[in-house]
Amino acid sequence: MPAHEQESATAASIRLESLTKRYPGQTEPAVDNLTMDIPAGEIVVLVGPSGSGKTTSLKMINRIIEPTSGRIFIDGEDVTHVNADQLRRRIGYVIQQIGLFPHMTIAENIGMVPRLLGWNRTRISERVDELLDLVGMEPSAYRTRYPKQLSGGQRQRVGVARAMSADPPLLLMDEPFGAIDPITRERLQNEFLRLQSNIRKTIVFVTHDIDEAIKLGDRIAILNKRSKIAQYDTPEAILTAPANDFVADFIGSGASLKRLSLSRVRDVELNQWAVGRLDDDREQLRQALMESDHGSLLLLDGNQRPVRWVNGHDLTRSGESLDRVGLPATATVEPHATLHDALNEMVTSRVGCAIVVDEQRRYQGIVDMRTVMRAIDEMRASSRARDRHAAVQPVEAG
Ligand SMILES: Nc1ncnc2c1ncn2[C@@H]1O[C@H](COP(=O)(O)OP(=O)(O)OP(=O)(O)O)[C@@H](O)[C@H]1O
């Protein structure tokens, strides 16, 4: 079997070499001499103003748009002239309007590429269930539904599942969360990051939203007109050392607040709070609260999941069961969430802190204002050190 037909490869590197696209009848090229290397296993975000050629650049990678000139390499293999249909089957593709077939069930939609690849029915159906699980949708509830019976966010998850059906080493995503309300969008972004930490594909992601780029990208390419690379670097380098005025303008104001999106909850030291169990003796709980320097105690259930916040007064209300007093333990974040997400939760929580839980919702620790301030101080210090020691060079744009 040729290397490119292997069904399961983890990630592939991409090299775009002097790619140019000139649409018929246009005087200027939409993409002009774009050269960039995309490392295997990373999320690279193409971001730039409307009309900068992001979509054209992306679609040249799987040759939905044929380049006028230049070359595309995947894992070192020149794919500029290979059979385009075969090429596309090994590249997952997710777009904003998803492109699910309305007359096909969710299972048929997800199983389309495996069917084209000649997999047998059992294998396809197992893969469909596995993927639905992976994107957080109960297979038995969704596999026989039709796209119109799903919410926008669910359709988008199915789009991602479908793109991964044949386990391609490479995913192209064009504003996949663009048409989704902000809350669902944030949830999908977090799910997407969690998914990527398991699958480690190479992902090229187009957006015009710099915040989304900062949150999702391992690297960001900021594109100016005709896909000229203004800066191609890590989000941190782009925020702390914009290469030119165009990049600085594009980042806009509030760069330091944006930097909170660079730190993940899992990377900061969590505060350990005074905790107790719902079924603990009240006197014991009061004692624990008094010995702590906190004004409230976080109560966990038998599975270590946070349930209530209680203070000294709540613990004296002997008639009331403990799961009814105090405040509900809402405002939770998972370790892959950003400090920006945690800050959002904190300001809406009446307790002023975000509870960190693992995937099973078990208590891990607390993020509060002190954690956030500490992170900001560290970022300031490392950016000062960077200014002193390192001159950040933008990658040459072909
Ligand atoms: N099929 C086409 N024929 C002619 N010109 C086109 C075609 N598709 C795109 N263009 C032009 O090419 C340029 C780049 O378009 P492209 O869609 O790649 O930009 P983009 O950065 O993805 O924009 P947006 O963020 O608005 O989607 C634009 O000037 C656009 O008008």
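This is a predicted model: local features need pLDDT of at least 70, side-chain atom pairs count only at pLDDT 80 or more; totals for chains, interfaces and linings use all residues.

**A first tour**

User: Which residues of H5 are buried?
Analyst: They are Ile 124, Arg 127, Val 128, Leu 131 and Leu 132. Seen down the axis of H5, these buried residues fall within an arc of 135°, so they line one face of the helix.

User: And which exposed residues sit on the face turned away from the buried side?
Analyst: Thr 122, Arg 123, Glu 126 and Asp 133.

User: How many residues does H5 have, and what does it span?
Analyst: H5 covers residues 121-134, which is 14 residues. From first C-alpha to last it reaches 20 Å, close to the 20 Å expected at 1.5 Å a residue.

User: What comes just after H5?
Analyst: Gly 136, which takes a positive phi of about 80°.

User: Switching topic. Which residues touch the most other members of the largest nonpolar core?
Analyst: Val 45, Val 204, Ala 221 and Ile 222 do, in a core of 64 residues. Strand E3 (residues 43-47) gives the most to this core, with five residues.

User: What does Ile 222 touch?
Analyst: Leaving out residues up to four places away in sequence, Ile 222 touches Val 47, Gly 48, Ala 230, Gln 231, Ile 238, Val 247 and Phe 250. There is also a second, separate core of 27 residues. Leu 297, Ala 329, Ala 342 and Ile 366 are among its members.

User: Now sheets. What is the strand order in the open sheet of four strands?
Analyst: The order is E11-E12-E13-E14, and the pairing is mixed. Strand E11 (275-277) and strand E14 (327-328) stand at the edges with a single partner strand each, so one side of each has no neighbour in the sheet.

User: How many bridges join E13 to E14?
Analyst: Two, and the strands run antiparallel. E13 covers residues 306-311. Trp 309 stands opposite Leu 327 in E14.

User: Last one, zooming out. How many helices and strands does the protein have?
Analyst: It has 16 helices and 17 strands. The C-alpha trace spans about 80 × 60 × 35 Å along its principal axes. Of the 398 residues, 38% are buried.

User: What about contacts along the sequence?
Analyst: Take contacts between residues at least 6 apart in sequence: 63% of them join residues at least 24 apart.

Key. Residues are numbered from 1 along each chain as its sequence is written. The expected span of a helix is 1.5 Å times one less than its number of residues. A residue is buried if 20 or more other C-beta atoms lie within 10 Å of its own, exposed if 12 or fewer, and partly exposed in between; C-beta atoms are placed from the backbone. The arc is that of the directions from the helix axis to the C-beta atoms. A nonpolar core is a set of buried Ala, Val, Leu, Ile, Met, Phe, Trp, Tyr and Cys residues joined through C-beta atoms within 7 Å. Two residues are in contact if their C-beta atoms, placed from the backbone, lie within 7 Å. Two strands pair if DSSP finds at least two bridges between them.
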